[in-house]
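This report covers confidence, backbone geometry and selected side-chain contacts. Please read it alongside the sequence and the coordinates.

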Amino acid sequence: MTDATPMPRLEARDLTLAHRHTPVINQLNLTLPPGQVTAIVGPNGCGKSTLLNGLARVHAPAGGAVLLDGGDIHSQPSREVARKLALLPQDNSAPEGLTVTDLIRFGRQPHQGWLQRWTADDQAVLEQALAAADLLPLADRPLDTLSGGQRQRAWIAMSIAQQTPLLLLDEPTSALDLGHQIEVFELIRQLAHQGKTVVMVVHDLVSACRYADHLIAMTDGTIQAQGAPGDILDQSLIHRLYGVHCDVIQDPASGTPVLVNLRKTP
C-alpha cells in the first residue's frame, strides 16, 4: 500500500451478535485504528472470537451493523470484501500432503477469475508472501512436517498473499510454545509496519501489551476500555476483567505494561 491509497475503515455500530437468540455482544461500538495492531483481550467466554467473526462477516448481526469503508459489510459483494479483509480462524486444517506453496496459492483466489491461469504477478505475490513469513527455504515442504510456529506462519503467509489491507487473526499463537509465539508476534508487527491493519484475539495480556498498539478489553460482550495499552491498563481494569489483584509496572526494555504480584481475589 502506498501513501496515496486510503486505508479501509472497519467499524461496528450498535453491533449485537447472538448465538441461538442469546446475545453475546451487546450494542457494541468501535472503530479500528488503521495501520496499527489491535488486540482484543478478556476472559474466556467474553465474546472475543464472536466479535472477530462478526467483524469478518462470518457471524451475521442480530442488531446494528459492521461498516467497511462506511457501507454495511453484509451488503457488499463477497469478492470485493475478500480483497480488503482476510480472516485467519483459530482452527485451521489442510489436506494431507499439502505444501507451503500449495497453501499460499489459495490466498490468490479473490484476485482470479473462474478460468484465469496462474500469472507472473500471482507468482511474484506468492514469493513475496514466502519471503515476508521467512518461509522461502520451506516452500516445498508439506505442512504436516513443519513445527507449530512454521505452520502458523504459513497460514499467515496465505493471508498475506490475499493482499488485503485488513487482517483478522483469531488466537494466532494458540498452542504455540514461547519461541514460536514470538516468531508469530514479530511477523504481525512487521505486517503493521508495512501498512496493514491487524486485529487479533489474544489470551496473553502481557504479550498483547507488548505487540499491540491498541487494546480492546472486554467482559460479558461489552467493551470495558480501549486505547493504547499504557494508557488503559491498570489494577482496576485487570480486576474487572479477570477477578485478580496485581501490580502493573513498566517493562524497562519495551516500555509496555507488565503484571507482577498476581493474586486471586479471596
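The text below starts with model confidence and then turns to individual residues.

The structure is a predicted model. Its mean pLDDT is 89, and 95% of the residues reach 70 or more. Confidence is highest in strand S3 (residues 37–41), at a mean of 97, and lowest in helix H5 (residues 148–161), at 86. Where pLDDT is low, predicted coordinates should not be read in detail.

**Positive phi angles**

Most residues other than glycine have a negative phi.

| Residue | Phi | Location |
|---|---|---|
| Arg 20 | about 50° | loop between strand S1 (10–19) and strand S2 (22–31) |
| His 21 | about 70° | loop between S1 and S2 |
| Arg 57 | about 60° | just after H1 |

Arg 20 has a relative accessibility of 82% and therefore counts as exposed. His 21, at 81% relative accessibility, counts as exposed too. Arg 57, in contrast, is buried.

**Arg 57 and helix H1**

Arg 57 sits in the loop that runs from helix H1 (48–55) to strand S4 (63–68).

What is the nearest side chain of opposite charge to Arg 57, and how far away is it? It is that of Asp 72, at 7.3 Å. A polar atom of the Arg 57 side chain does lie 2.9 Å from the backbone oxygen of Ile 73. Leaving aside residues up to four places away in sequence, Arg 57 touches Ile 73, His 74, Gln 76, Pro 77, Ser 78 and Val 81.

**The aromatic pair**

How many aromatic pairs does a search of the whole structure find? The search finds one. The partners are Phe 185 and Tyr 211, which are stacked with 4.8 Å from centre to centre and 10° between the planes. Because Phe 185 belongs to helix H6 (residues 178–193) and Tyr 211 to helix H7 (residues 205–211), the pair ties together parts that are 26 residues apart in sequence. Both Phe 185 and Tyr 211 are buried.

Conventions
Residues are numbered from 1 along each chain as its sequence is written. This is a predicted model: local features need pLDDT of at least 70, side-chain atom pairs count only at pLDDT 80 or more; totals for chains, interfaces and linings use all residues. Side-chain values use heavy atoms; hydrogens and water are left out. Helices (H or I, at least four residues) and strands (E, at least two) are DSSP runs, numbered from the N terminus. Buried means under 20% relative accessible area, exposed over 50%, partly exposed in between (1.4 Å probe, protein chains only). Lys and Arg count as positive and Asp and Glu as negative; His and the chain ends are not counted. A salt bridge is a side-chain nitrogen of Lys or Arg within 4 Å of a carboxyl oxygen of Asp or Glu. A polar contact is a pair of N or O atoms within 3.5 Å; within protein, one must be able to donate a hydrogen and the other to accept it, and residues adjacent in sequence count only if both atoms are side-chain atoms. Contact means heavy atoms within 4.5 Å. pLDDT is the predictor's confidence in each residue, from 0 to 100. Rings of Phe, Tyr and Trp (its six-membered ring) pair if their centres lie within 6.5 Å; planes under 30 degrees apart count as stacked, over 60 as edge-to-face and the rest as tilted.
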